[in-house]
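Please read the following briefing alongside the sequence and the coordinates.

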Amino acid sequence: YHPDAELAPRDVVTRAIWDEMKHGKLQNVFLDVTHLKPGFLKERFPMIYATCLQYGVDITQDQIPVAPSAHYLMGGIKTGLFGETSLPGLWAVGEAACTGVHGANRLASNSLLEGLVFGMRVGQAVGRSSLSPAEGEKVGLPRLSRPAPAERYLLVQKELREKMWNNVGIIRSETSLSEAIARWTSWSWVLKKPGLSRLALETRNMLLASAAMMEAALRRKESIGAHYREDFPSSGTNPSPDHIRLTRTSLRKHFTSI
Ligand SMILES: Cc1cc2nc3c(=O)[nH]c(=O)nc-3n(C[C@H](O)[C@H](O)[C@H](O)COP(=O)(O)OP(=O)(O)OC[C@H]3O[C@@H](n4cnc5c(N)ncnc54)[C@H](O)[C@@H]3O)c2cc1C
């Protein structure tokens, strides 16, 4: 798949594993590190060694079953360099924020930067702020009503996760994204009549975040970093702006209930 094999960029390795799993109808592929000395493995990867052992896999002797998973979300709530958002009184930090330090692919250990640098900056900015919660801009929160039975939200969450993984995950296309948007629309009752419970509100938040991801993936008609469009496999053929900026209004074209 790549001259650097498993040391190729993460998106390349992920697609290679995905491809092997799909064609071989496999649940996972295997990582073999048995050529490395047992002492080195135990010392260098103590957590991985201990965790695998709990599941009956001794990485010094056995092959390790591996499969792709969601590791980091590039993008998020747009912030300035001190975590401030366009909403006075709201700061975002960590994986939820889009501070501008990430490109299209995940670089190792960038969460340290997010946590240490931006965590400190946001803490200081919040401490300096004289804004009281009452002064925060009115955000037009919806009227909340009696929530639907919990099972209905749990089912939406389960199916949404599956749809996002299968259609908006490692490999995307206009067909897979349009299919996901159609399915999303069938859950719009969650947004039209927002329920007052943690489960109802979290389901609503999941639907909003997934709508933003689908919209951005649909607009970006190229493949770059972790965003891979099967129908536009090369980068730069139809380059989109560095960052796609979405607002609630701009999402309404495909997601009318937002
Ligand atoms: C398998 C894996 C390996 C990774 N390896 C690395 C690595 O080697 N190096 C690296 O830099 N990054 C790594 N990352 C990414 C890194 O772990 C995350 O980006 C980072 O932990 C995000 O920190 P955070 O504080 O923004 O969010 P989180 O760590 O997700 O913290 C959010 C917190 O909010 C809490 N919460 C959620 N909802 C509510 C609510 N309604 N009310 C109150 N609390 C709530 C959650 O319980 C959680 O404690 C890895 C991620 C994964 C999944």
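Helices α5 and α6 are roughly antiparallel to each other, because their axes cross at roughly 170 degrees and an angle over 145 degrees counts as roughly antiparallel. This is a predicted model, and the values below are to be read accordingly.

**The α5 and α6 pair**
- Helix α5 covers residues 150-167 and helix α6 covers residues 174-185, and their axes come within 9 Å.
- On the α5 side the contact is made by Glu 159, Lys 163 and Asn 167, while α6 contributes Ser 176, Leu 177, Glu 179, Ala 180 and Arg 183.
- Sorted by class, the contact of α5 with α6 has 4 charged, 2 polar and 2 nonpolar residues.

**Domain layout**
- The domain assignment divides the chain into domain 1 (5-66), domain 2 (77-135) and domain 3 (150-251).
- Between the C-alpha centres of domain 1 and domain 2 there is a distance of 34 Å.

**Asp 11**
- Asp 11 sits in helix α1, which spans residues 10-24, and it is buried because its relative accessible area is 13%.
- When neighbours within four places in sequence are set aside, Asp 11 is in contact with Asn 105, Gly 225 and Ala 226.

**Arg 248**
- Arg 248 belongs to helix α9 (residues 248-251) and, with a relative accessible area of 40%, is partly exposed.
- Not counting residues up to four places away in sequence, Arg 248 touches Arg 204, Leu 208 and Ile 258.
- Arg 248 and Met 74 are separated by 174 residues in sequence and by 19 Å in space, taken from C-alpha to C-alpha.

Key
Residues numbered from 1 in each chain as written. Predicted model: local features only at pLDDT ≥ 70, side-chain atom pairs only at ≥ 80, totals over all residues. Heavy atoms only, no water. Helix = DSSP H or I, 4+ residues; strand = E, 2+ residues; numbered from the N terminus. Buried < 20%, exposed > 50% of the residue type's maximum accessible area, 1.4 Å probe, protein only. Contact = heavy atoms within 4.5 Å. Domains from an automatic or database assignment. Axes fitted to C-alpha atoms, helices over the stretch in contact; angles between N-to-C directions. Parallel < 35°, antiparallel > 145°, perpendicular 65-115°, else oblique. Nonpolar A, V, L, I, M, F, W, Y, C, P; charged D, E, K, R; others polar.
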